[in-house]
Amino acid sequence: MKTQKIVLSIAGSDNTGGAGIQADLKTCCAFGVYGATVITGVTAQNSRKVFGVEPVSIPMLEDQIDAVFEVMHPDAVKTGMLPSPEIIKRVAEKLSEYNVNNIIVDPVMVATNGGSLVASGNETVKAFIDYLLPLATLMTPNISEASSFLNTDASAMNPRTACELLLEKTGAHAVLLKGGHSSNEIAADYLFDGKLFTAFESPKIDTANTHGTGCTLSSAIACGLANKKSLEESISDAKSFIYKAITSAVNLHVMNGPGPLDFFV
């Protein structure tokens with residue numbers, strides 16, 4: 001009997017299917033990994049704007065997590081939209097309870113379309129730092145999210161300095177700083193694990209079809225870790241997949257306005 005690798009996505013629902021839980025499941029399928037889900041909130045959004053966010057109750061959150069771990073033990077977990085400090089805290093407590101390894105934290109705060117997805121204020125950042133990020137195998141903030149954690153403009157920093165400060169501030173085991181400090185021609189992400197600093201670069205692609213890129217990247221990395229690949233190899237494979245999916249999406253028409261990646265490339 002074949003043993004299936006499992007990735008659990010703890011994130012919000014995107015009704016257009018390009019980001020959130022839906023993007024995570026499609027990414028798992030692309031990597032041949034079984035995807036399980038815990039939905040933290042329902043969003044009404046498209047690639048243009050966020051209409052609204054409705055978090056699930058704490059009892060429903062707990063029941064979903066318990067239901068998953070009663071019948072399976074995921075090989076990796078990624079978290080996405082965690083819309084309140086209470087949800088962040090409870091997710092961290094449950095992951096500790098179930099002794100989960102390979103935790104990828106994508107500290108989603110604002111959608112690609114600019115709409116807010118989490119409770120505003122310092123309490124959300126504090127909850128990440130106090131509870132969830134110390135458990136993280138890897139955190140994957142973009143420049144805006146990194147600035148929130150550092151309480152300063154991360155784009156003005158040397159990438160290595162920003163990564164070092166993020167690890168010091170958050171307690172995460174490693175950080176992948178996404179998309180900042182890039183020229184017009186190159187998209188660069190930076191990995192720092194406390195010792196080694198590695199740049200992952202790829203040519204920038206001229207397309208508006210990038211809805212859900214961050215969600216897809218973090219779930220692709222989780223798929224690599226689930227398959228027992230190293231963090232560096234998992235990130236490299238994920239970046240390659242993202243590049244191909246965005247390249248193919250240039251000619252993909254799904255919705256009016258910015259569209260999703262081509263998950264089936």
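This is a predicted model: local features need pLDDT of at least 70, side-chain atom pairs count only at pLDDT 80 or more; totals for chains, interfaces and linings use all residues.
## A walk through the packing of this model

Helix α4 covers residues 122-132, and its buried residues are Thr124, Val125, Ala127, Phe128, Ile129 and Leu132. Find them in the structure. An α-helix has 3.6 residues a turn, so residues three or four places apart point the same way.

Two of these residues turn up again in the core. The largest nonpolar core holds 44 residues. Within this core, Phe128, Leu132 and Phe149 touch the most other members. In soluble globular proteins, nonpolar side chains tend to be buried together. Now take Leu132 by itself. Leaving out residues up to four places away in sequence, Leu132 touches Thr79, Leu82, Ile88, Val91, Ala92, Leu95, Val105 and Ala127. A second core is separate and has 24 residues, including Ala76, Leu231, Ala245 and Ile246.

Thr140 sits in the loop between β6 (138-139) and α5. Thr140 counts as buried because its relative accessibility is 1%, and the limit for buried is under 20%. What does Thr140 touch, not counting residues up to four places away in sequence? Thr140 touches Ile104, Val105, Asp106, Pro107, Glu145, Leu176, Lys178, Ser218 and Ile221.

Now compare two helix pairs. Two packed helices are described by the angle between their axes and the distance between the axes. Start with α3 and α4. Their axes come within 8 Å and cross at roughly 10°. Angles under 35 degrees count as roughly parallel, so α3 and α4 are roughly parallel to each other. On the α3 side, the contact is made by Pro85, Ile88, Lys89, Val91, Ala92 and Leu95. On the α4 side, Glu123, Thr124, Ala127, Phe128, Tyr131 and Leu132 take part. By class, this contact has 9 nonpolar, 1 polar and 2 charged residues.

The second pair is α1 (residues 20-30) and α7 (residues 213-226). The axes of α1 and α7 come within 9 Å and cross at roughly 40°. That angle makes α1 oblique to α7. The crossing of α1 and α7 is right-handed. Helix α1 brings Gly20, Ala23, Asp24, Thr27 and Cys28 to the contact. Helix α7 brings Cys215, Thr216, Ser219, Ala220 and Cys223. Sorted by class, the contact of α1 with α7 has 5 nonpolar, 4 polar and 1 charged residues.

Some contacts link parts of the chain that are apart in sequence. Asn15 lies in the loop between β1 (6-14) and α1. Asn15 and Thr43 are 28 residues apart along the chain, with their C-alpha atoms separated by 6.9 Å. Residues up to four places away aside, Asn15 touches Gln22, Thr43, Ala44 and Gln45.

Asp66 gives another example. Asp66 is in helix α2 (residues 58-71). Its relative accessible area is 25%, so Asp66 is partly exposed. Which residues does Asp66 contact, leaving aside its neighbours within four places in sequence? They are Lys94 and Tyr98. Asp66 and Tyr98 are 32 residues apart in sequence, and their C-alpha atoms are 9.1 Å apart in space.

Finish with the backbone. Most residues other than glycine have a negative phi, and most peptide bonds are trans. Asn102 is not a glycine, yet its phi is positive, about 55°. Asn102 lies in the loop between α3 and β5. With a relative accessible area of 23%, Asn102 is partly exposed. Lys228 is not a glycine either, and its phi is positive at about 65°. Lys228 is in the loop between α7 and α8 (231-249). Is Lys228 buried or exposed? Lys228 is exposed, because its relative accessible area is 67% and the limit for exposed is over 50%.

Note on methods. Residues are numbered from 1 along each chain as its sequence is written. Side-chain values use heavy atoms; hydrogens and water are left out. A nonpolar core is a set of buried Ala, Val, Leu, Ile, Met, Phe, Trp, Tyr and Cys residues joined through side-chain atoms within 4.5 Å. Buried means under 20% relative accessible area, exposed over 50%, partly exposed in between (1.4 Å probe, protein chains only). Contact means heavy atoms within 4.5 Å. Axes are lines fitted to C-alpha atoms, for helices over the stretch in contact, and angles run from 0 to 180 degrees between N-to-C directions. Helices (H or I, at least four residues) and strands (E, at least two) are DSSP runs, numbered from the N terminus. Angles under 35 degrees count as roughly parallel, over 145 as roughly antiparallel, 65 to 115 as roughly perpendicular and the rest as oblique. A crossing is left-handed if the near helix is turned anticlockwise from the far one by less than a right angle, and right-handed if clockwise. Ala, Val, Leu, Ile, Met, Phe, Trp, Tyr, Cys and Pro count as nonpolar, Asp, Glu, Lys and Arg as charged, and the others, Gly among them, as polar.
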